[in-house]
Amino acid sequence: MAQLWGGRFTKETDKLVYAFNASIGFDKRLLTQDIEGSIVHARMLGNQGILTQKETEEITGGLVSILEDVEHGKLVIDESFEDIHSFVEAVLTERIGEAGKKLHTGRSRNDQVALDMRLYTRYQVQETDLLLKRLLEVLIRIMEENLETYMPGFTHLQKAQPLTLAHHMGAYFEMFWRDRLRMRDILERMNYCPLGAGALAGTTYPLDREYTAGELGFAGPTLNSMDSVSDRDYLLEFLSALSIVMMHLSRFSEEIILWNSDEYRFIEMDDAYSTGSSIMPQKKNPDIAELVRGKTGRVYGDLMALLTVMKGLPLAYNKDMQEDKEAAFDAFDTVKDCILLFTGMLDTIKFRKDRMAQSAMKGFTNATDAADYLVGKGVPFREAHGIVGRLVLYCIEKNTSIDALPLSEMQAISDKFEEDIYDAVSLKTCVDKRLTIGAPGREAMEKVIAVYKEYLK
């Protein structure tokens with residue numbers, strides 16, 4: 001058993017206890033960050049005269065060689081060590097001798113792992129942000145291509161008013177835009193360096209925390225050593241933001257699943273993002289959308305796990321906090337995979353414009369516009385509402401739509417209807433006359449798309 005402590009103990013840890021306590025099985029993915037932080041720490045110790053120049057060069061050279069050897073497959077991480085920090089220090093000492101034992105001067109595993117996790121999480125936030133940007137680029141393309149692709153808008157899953165596919169996609173653009181804003185906010189709040197906080201009370205060595213913070217790309221050092229080693233707020237914020245990303249993806253997936261059904265037939269899924277049935281040859285299943293919807297609960301679970309771990313912990317570090325990593329790593333991996341696959345699926349979907357328009361007409365989504373037409377003829381809105389309600393009922397009985405009804409039959413319900421009613425209730429008119437910013441009219445949508453494209457630059 002390889003561990004960084006033991007002087008206080010007179011017998012070995014039970015093997016089962018050791019295995020239960022060990023974290024190298026999952027924290028080995030922090031190798032790059034652990035070595036990056038250690039190199040900067042060693043250089044700072046050298047600058048401060050705590051290490052000699054020779055020792056600093058030996059340590060940094062040894063650390064670089066370990067990272068390169070692992071990356072090239074020349075060195076395999078030995079999981080008999082307690083954690084990735086123990087492994088790195090043991091290999092370093094084996095390679096360069098006594099100088100390797102001096103690397104940990106002025107440092108605790110508490111501030112070391114706090115640093116590693118911050119560096120790793122910062123990278124994951126940036127990676128997630130880039131994936132969201134790619135998704136937004138696909139949405140913009142679909143929006144620009146579908147400014148006149150008419151479809152029903154829904155409330156309560158009931159057809160409500162006509163809009164365009166561009167406008168519908170714009171709603172999701174807004175959601176994922178907000179997700180990117182949350183990524184930026186998280187980066188700003190978390191970007192402070194805990195290295196130098198020690199176990200919880202700093203150190204007596206004259207460390208230059210501003211140097212290490214700057215070299216590692218942080219805005220500055222953290223200002224309370226106890227909070228530095230026990231803070232997991234940045235992880236909770238990121239997992240919360242990832243949960244919201246998944247909620248947005250899940251809502252979108254639900255609509256894609258509905259639109260792919262035979263009852264809607266709004267879309268045709270690409271074969272590369274669909275699966276078939278082992279028994280029913282006609283099936284083309286939207287498995288990616290369904291899995292994204294399903295994995296949303298998994299990410300919620302990761303957030304709740306960490307919230308529950310943290311809720312009763314006194315200051316400062318407690319071993320419970322080791323439980324942050326598996327939940328966080330699972331959420332990081334799951335969300336990135338979901339965004340990547342969802343983006344590919346969305347980018348290859350074919351939209352059935354004819355079906356969408358037909359659905360909007362047959363669903364009486366232009367009924368409000370028919371009522372507004374009567375108001376323009378001097379009919380009070382409440383009365384116009386009742387007239388159009390009777391018109392819709394008549395159409396249902398006749399299995400037709402308002403725009404397909406002969407004028408004589410409309411006039412039998414109200415003599416206010418004239419030939420211009422057909423233009424007034426056409427999908428193009430119903431949509432394009434909605435010109436306020438944020439509405440689906442072409443003029444309003446072109447302004448919004450211009451804003452989105454400028455943002456993506």
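Student: Which class, buried, partly exposed or exposed, does Ala 160 count as?
Tutor: This is a predicted model, in which local features need pLDDT of at least 70 and side-chain atom pairs count only at pLDDT 80 or more, while totals for chains, interfaces and linings use all residues. Residues are numbered from 1 along each chain as its sequence is written, and side-chain values use heavy atoms, with hydrogens and water left out. The classes rest on relative accessible area, where buried means under 20%, exposed means over 50% and partly exposed lies in between (1.4 Å probe, protein chains only). Since the relative accessibility of Ala 160 is 27%, Ala 160 counts as partly exposed.

Student: Where does Ala 160 lie, and which residues is Ala 160 in contact with beyond its neighbours within four places in sequence?
Tutor: Helices (H or I, at least four residues) and strands (E, at least two) are DSSP runs numbered from the N terminus, and by this numbering Ala 160 lies in strand β2, residues 158-164. Contact means heavy atoms within 4.5 Å. Leaving aside neighbours within four places in sequence, the contacts of Ala 160 are Gly 153, Phe 154, Thr 155, Phe 364 and Thr 365.

Student: How are the rings of Phe 154 and Tyr 264 arranged?
Tutor: Rings of Phe, Tyr and Trp (its six-membered ring) pair if their centres lie within 6.5 Å, and planes under 30 degrees apart count as stacked, over 60 as edge-to-face and the rest as tilted. By this rule the count comes to 15 aromatic pairs. For Phe 154 and Tyr 264 the centres are 6.3 Å apart and the planes are at 50 degrees, an arrangement that is tilted.

Student: How far apart in sequence are the parts that this pair ties together?
Tutor: Phe 154 lies in strand β1 (residues 150-155), whereas Tyr 264 lies in the loop between α10 (233-260) and β5 (267-268), so the pair ties together parts whose separation in sequence is 110 residues. As for cover, Phe 154 is partly exposed at a relative accessible area of 24%, whereas Tyr 264 is buried at 18%. To return to the separation asked for, the parts joined by the pair are apart in sequence by 110 residues.

Student: What kind of pair do Tyr 264 and Phe 266 form?
Tutor: Phe 266 counts as buried, with a relative accessibility of 1%. Its ring and that of Tyr 264 have their centres 5.3 Å apart and their planes at 85 degrees, so the pair is edge-to-face.

Student: Where is His 156 found, and is His 156 buried or exposed?
Tutor: His 156 has a positive phi of about 60 degrees although it is not a glycine. His 156 is found in the loop between β1 and β2, and with 75% relative accessibility it counts as exposed.

Student: In which loop does Asn 399 lie?
Tutor: Asn 399 is not a glycine, yet it has a positive phi of about 55 degrees. At 73% relative accessibility Asn 399 counts as exposed. The place of Asn 399 is the loop between α15 (381-398) and α16 (407-411).

Student: Which elements are included in what covers the buried residues of helix α14?
Tutor: In helix α14 (residues 367-376) the buried residues are Ala 367, Asp 369, Ala 370, Ala 371, Tyr 373 and Leu 374. Just after α14, Gly 378 takes a positive phi of about 100 degrees. What covers the buried residues of α14 includes β2, α15, α17 (421-424) and α18 (427-432).

Student: What radius of gyration does the protein have, beside that of a compact globule of 457 residues?
Tutor: The radius of gyration is taken over C-alpha atoms, and the globule rule is 2.2 Å times the number of residues to the power 0.38. Along its principal axes the C-alpha trace spans about 100 × 50 × 40 Å. A compact globule of 457 residues would have a radius of gyration near 23 Å, whereas the protein has 31 Å.
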